[in-house]
Amino acid sequence: MTALYSGTFLPLGVLVWPLLVGLVAMVVWSRGALWVLPLAPVPALGFVVAGAPGSVVVPDLLLGVHLGIVPGGALLLGMTALVWTVAGMHAALTLRAGPQAAVFAGFWCVTLAGNLGVFLAGDIVTFYLAFAAVSLAAWFLVIHERTQKALAAGRQYITLAVLGEAALLVGLMIGAAAAEDLHIASVRAALVDAPLGPLGVAALVLGFGIKAGMVPLHLWLPVAHPAAPVPGSAVLSGAIVNAGLIGMMLFVPDGTGWGDVLVAAGLVGGFGAALWGLTQRNPKAVLAYSTISQMGLMLMLVGAGSAGVAYYAFHHGLAKAALFLCVGVMAAAQTPRQRGATLGLVVLVALSVAGLPLTGGGVAKLAGKQGLPDALSLVLTLSSMTTTLVLVWFVLRLAQAPAPPLAPSPLWRSLFAGAAVLGGLALVAPWAVWGHATGLPTGYPAQPANMFAGIWPLLAGLGAAALIPGQRLPEYPPGDILALLRWRGGGWSGRAGAARSAAPRRHWRRAVLRALLHVRRLETHMRPWPRAGWVLIVTALTFSGLVLWTL
Amino acid sequence: MTAALPVLIVLTSLVPACVTFFLAQDSHRLRNGLNLSGAVLKLALIVWMLFAVAGGASYEATLPLAPGLVILLRVDALALLFISLSAALWFATTIYAIAYFGKKAELSRFFGFFSLCVAATTGLALSGSLISFFIFFELLTLSTWPLVAHKQDKPSLAAARAYLAYALPGSAALLWAIIWLESATGPVLFTDPPDLSVLEPGALRAIFALFIIGVGVKAALVPLHGWLPAAMAAPAPVSALLHAVAVVKAGAFGVVRVIYDVFGAGNVVALGVGWPLAVLASVTILWGSLRALQQDEIKKRLAYSTVSQVSYIILGAALASPLAMIGGLVHLIHQGLMKITLFFCAGIYDERAGVKKITGLNGMGRRLPWTSVCFSLGAMGMIGLPPMAGFVSKFYLGLGGLQAGAPWVLGVLAASTLLNAAYFLPLLYRLWVLPAPEDAKGDERAPGLVVPAVVTAAASLGVGLLAASPISPLSWATLIVTREYGP
Amino acid sequence: MTLTYYALTGAVLVGLGAYGLLAVPHLIRRIIAFNLMGSGLFLFFGAAGARGGVPDAIPQALIITGIVVALSASALAVGLVVALARRSGKAFLPDDYPADDEDRAP
Amino acid sequence: MSALVAVLTLPLVAALGVFVVPARLRVPMALASAAMITGAALALCVTVARGGPVMLMAGGWAPPIGIALRADGLAAALIIMTALVMGAVTCAAWFEASPARAGPRMAFGFWPLMLLLWGALNAVYLSRDLFNLYVGLELISLAAVALAALSGTAQAFAAALRYMIFALAGSLLYLAGVVLAYAAHGTLDIGLLTARTPAQGDALALGLMTAGLLAKTALFPFHVWLPPAHASAPAPASALLSALVPKASFLILMRLWFEAMPDLATPAALLALAVPGAAAVLWGGVLALVQKRLKLIIAYSTVAQLGYMFLVFPLAGGGGAAQPWAAGAWTGAVFHALSHGLAKAAMFLAAGIYIAAVGSDRLGDLRGLARALPMTGFAFALAAITLMGLPPSGGFTAKYLLMTSAFAAGQWPWALLLAGGGLLAAGYFYRPMVALFARDARVPLLRSIPRAWQSVPLVLAVLSIMLGLLSATPFDLLQVGRPPPASEGL
């Protein structure tokens, strides 16, 4: 029996802590369940601040658990922890307590653990476990409201999630079989020239793509976000989608042609989704489409092998979470002052997302362009236009959102504080890690060329937005393609088993019975002695004859 | 001692059985004590032998019936894998059954046959020769019939008839196969596989087919599965026994024995009978899941899911690659744990809340939290979500399929995952999400029912979570494959 | 020569008996036919035994035994016939045994 | 030697004894003599198993003048089986055949007839002389017919008479064969006949004897007398009739074909023996399926089970080089005879208990009796298991041996028949089982059945299971003095 674990315990603690918290929330202290949520990501935060040190191997757990920060994972881990902390506070403030809240809290923590896990897993089984946790447990965040809309959205979400799980499993198995090893690195390497490699990678792309909202697998995203409670959609869009992204980064090997696929899909998503967002009315739906488009851009970066993906995602996660929270803040805003302040925050963050130079978003775009072919970096530049468009549209929709009944709500301040923290971080934090993450001089973003490349598409986008006649935009329900292929939930209510009519077999039975009775009558005909006597004599002669003639 | 142990293990359930038959109906305490102590003793013996066998020891006891007709009880790793499962689950099921029946009538008969059933299973697991395998196989069939018919109402008797109608022809086929083989090779011991060269391949294939038909009936291979859903008329402990402890498992175990100890994996591949069996198993996996999707009765749905799940074991055995076999063997344990949990819970829903249909589960998560958590764990395991046990076996099966050069297995597994999700998630959805109707009632103030469910659920989580630990079923299965069937 | 006559007579008796046993339904007659057959066989036996004109002791011993056996058999048979006649009023076997008779419990 | 004499003479003496002693001593005497005979049978078995076959020349005269008695393994096995069945039947009859319940005819007639039958059976098992065998057969028939008539209803008499006619015709044919054999060879001793110079008339003689014996064994299509006779007799009598009587004539068949005239056994003739056997298995099985009365079901199952034994003729010698045993089919057939004897007796005794309990044996009236009389139900189930040939019963051992040699002899259709017959048996025993097992309003029993009585069939049934579980000893016993054709084939 080997040692229980080797290495530093920290990474394991990062994952175990939220689970404990969730257990407390769900079972022990369900009344105050929501209040423990902000505590759940704390160790993860500490872990990142400490520089994500050390790794751990627990040989007995699962098929041997390896934990340690994955390449490019530190930024994402930190961002995820931040988003979850703030969103947790938001949830604690806004959601109604009660048994449902307990369930929500419990699964919130499971999702969180999974979400952190994907950045720490060193072997595919742990990774798969974390991924399953994040994508399946998130279902409860989607359906928390229990409204018809939420349940329908949840149904689509879970269906795609399970589909993704299955695909992922297939891909991982193919990889593991080829690598004869469970380490992510070796699996990735083995996938390149495994006999079934292409199939495996395809399955992986399918699985991660669903999670990352890659077009055309993004169907669940625009439906789930509006349905989920505000903090739920915040973590969905800010943190959870990155699980898919990191999967792509970790598993999709270079030089197998799959990069191009990602680039293509990313381009379609990056621009298409943003434009489609204009057809939405619900601000959260608009944001969801913007998320899809941003994820598209990031997938493109992954496919093109850009060095700055994690950096880009770091900013986008914070910013997008902040924006979603702002929807909640807006709902809590009572006075015009509060509404104004909220809108101000939204505009700031939106500008950052759109890539205003010297904001977090701006530098993120610059970092993303590192190692990109010119064409693609131009694309990245252009993408600011569409982003601007959709975000402007979002701001408009948010501003036009009906003001809630005037009831003095003490919450607004704290909610706003949370959102502001995230937004502020989105604006400045990229600077903090700029050198560390990109290795570029601090002055680089301020160079005129980069400033210009950042500013003109933004202005163009604003101009286009000014031209767009807001009211005469077409309106479509969220879930574009889904509207076309209406998916029917098979088996959700157990359909009665195929009622086979028993008539034919009963008839058959009767026939057999009749035959038996005939046999019985035959027996009575055999009984009379004289017949039997004759048979007896014949038998005697038969035997003699047989013996005689065959001897 | 080495000869006494196997016999002793069989006796630990045979003796309670024989005594229980002659106990008065109302001597509950004595009867329960007897069965429980038997179960405990058996567990103790097995744990002891687990360590001994891991150290390389092996126990053997023979009873010659006639020259060549020997009952041979032999403890090897594979046998231990099976009996440790059946013994542990027997213990759990006994506790459950005691609580389930309370002080109903005819209990002496029930527990008598119950223990007899387990004794037969133990013997079957330990039997080291084809003929003793067949003898215990038959004993199992016969001792199960009264359990299925226990309620003695029309559906139960019909179910019991269906059971025999499938089982007896099956055992006829099995006997046919055994005798055909032994008439050419002489009595077959599992320790030294027979020399098959005396028969021509055609005959060997026919024999193999007969073997599969014979054990396949018990393993509920499509299209021989009809009896299993029908048997749902029986009380919950019996279902647990049928599906997890004894009967279906005996069939799957038989397949493993036939492939690895009678024919030998090499011959199976050489004869080209491995992949048809694998295909049949895959068909069963999918067909069972599809049918389960259509059931609106909880136990029926579970029954069809058993049909599908047990074929994982057969699939693993038929693929005949080391990893696949590990997956199959370990699923023998995993499926048992998960399925017995599910049946325990189904029984609790029925007993404590009067819920038989799926629609009745709405909002049960609040009223019967423990039960529902166990049920959910079992269901997740069936779907194959980590870290539940089901994931481990599925993972190994997939790798084994690739190892055996049968990538289509991945497709089967994926499809089965989706189908399992499609018929289990709705139940969880009803349990936890949908609101309970106003008139819903039910509680779980029955520790005797709930505790076993919790324990087995915890176990099915634990064996998955600690799969790699040296004391896990997975390591044991690996030991079997590497030590006894390794290249 | 006489032996041949014995043998032939025996054969004829056997044939007669056989015919009676098969042809006549009345039970007493059947018993008589049975006795006819038996005596025919014994006659033939005696003839067959004494081959070459030398009388053989064994067949005679056996024949005596056989006759005794046959006698006791006839006695039992007659007794049964009488009992049957007493109960059912006819000394015939209900040859066309109605199927439902079987279902009448004893 | 003395044991051999004892098993022959004791029953006859006892039969006379129960005639003369006053009524109240009758049962005790019967019980005592049964115990003594069983003891003698055991002793004989032990001596045979230890020291090989036991020969006895009556009066010290050697054949052809004298009469030879020989106890080989086969005879010893049948003797001990008979003793066990008889002992059980005696105990059962002790409860059942009291004047108050069964009427004076049964009360008086049963005991001497039973003992007479016993003696005659043992004589047939032991004697090596065709004419002796004839006498024994006649005695058996007389006792059996009388037993069949014991219940005293018109139906019973009719059945008994039908039986009688078949029996008489059979013995006449047999006698004719004997006469021809003597005419040809001047001897009737089996040992001497084996070494005879084949003659013209042998074929006819063998044919006549065989046909006669088939009629007495009630092989299809001569089974028509059996079900009515067995069903209308009192239960203990039916037990004897079904379990023991057909075995005697079958034993003579085996002696004829395996020991006296194996040289006449042509494949066609053997087939002609086995085909009716197969027909019997199917025909009896199907008819057992459609019966409404328990005793008729059991009787028809006897018809079916007798058929198996005739498979020995084509299968003998199909031991197969692979097997560690020789003469598989031959031993298997005898095993079948033994286990069938025990199980069938158990079944009829159980049926007797049910009739005593509810006054009828219609399946409809038996519903729910399993709860009132659990031991009896258990006994019935065990016996059924043996007759279905399910392990670990004697029936299974028999089936296994027969099937193995069927395959080894390359005649697998017979194996198919064996398997199918087992399923058929399962089919027709399932109906009474379900009836007994059904949950019904508990029927008020006409009389309470003492546990001792209930245990009698149970003991027999358990014995029939033990025969399979501990079949090594009987197996070895059967090999004592086994005729060569049994292993070499006919």
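Predicted model: local features only at pLDDT ≥ 70, side-chain atom pairs only at ≥ 80, totals over all residues.
1. Local features are reported here only at pLDDT of at least 70 and side-chain atom pairs only at pLDDT 80 or more, while totals for chains, interfaces and linings use all residues. Residues are numbered from 1 along each chain as its sequence is written, and chains are lettered from A, with ligands numbered from 1, in the order in which they are written.

2. Among the five pairs of chains in contact, chains A and B share the most contacts, a contact being two residues whose C-beta atoms, placed from the backbone, lie within 7 Å. Chain B and chain C, by comparison, are joined by no contact, and their closest C-alpha atoms are 25 Å apart.

3. Where chain A meets chain D, 23 residues of chain A are in contact with 26 residues of chain D. On the chain A side, the elements giving two or more residues are α20 (503-526) and α21 (529-550), helices being DSSP runs of H or I with at least four residues, numbered from the N terminus. Of these, α21(A) gives the most, with 15 residues.

4. Within chain C, the axes of helix α2 (residues 27-49) and helix α3 (residues 57-88) come within 10 Å and cross at roughly 175°; axes are lines fitted to C-alpha atoms over the stretch in contact, with angles from 0 to 180 degrees between N-to-C directions. The crossing therefore makes α2(C) roughly antiparallel to α3(C), a term for angles over 145 degrees. Residues making this contact include Phe42(C) and Phe45(C) of α2(C) and Ile63(C) and Ile67(C) of α3(C).

Methods:
Parallel < 35°, antiparallel > 145°, perpendicular 65-115°, else oblique.
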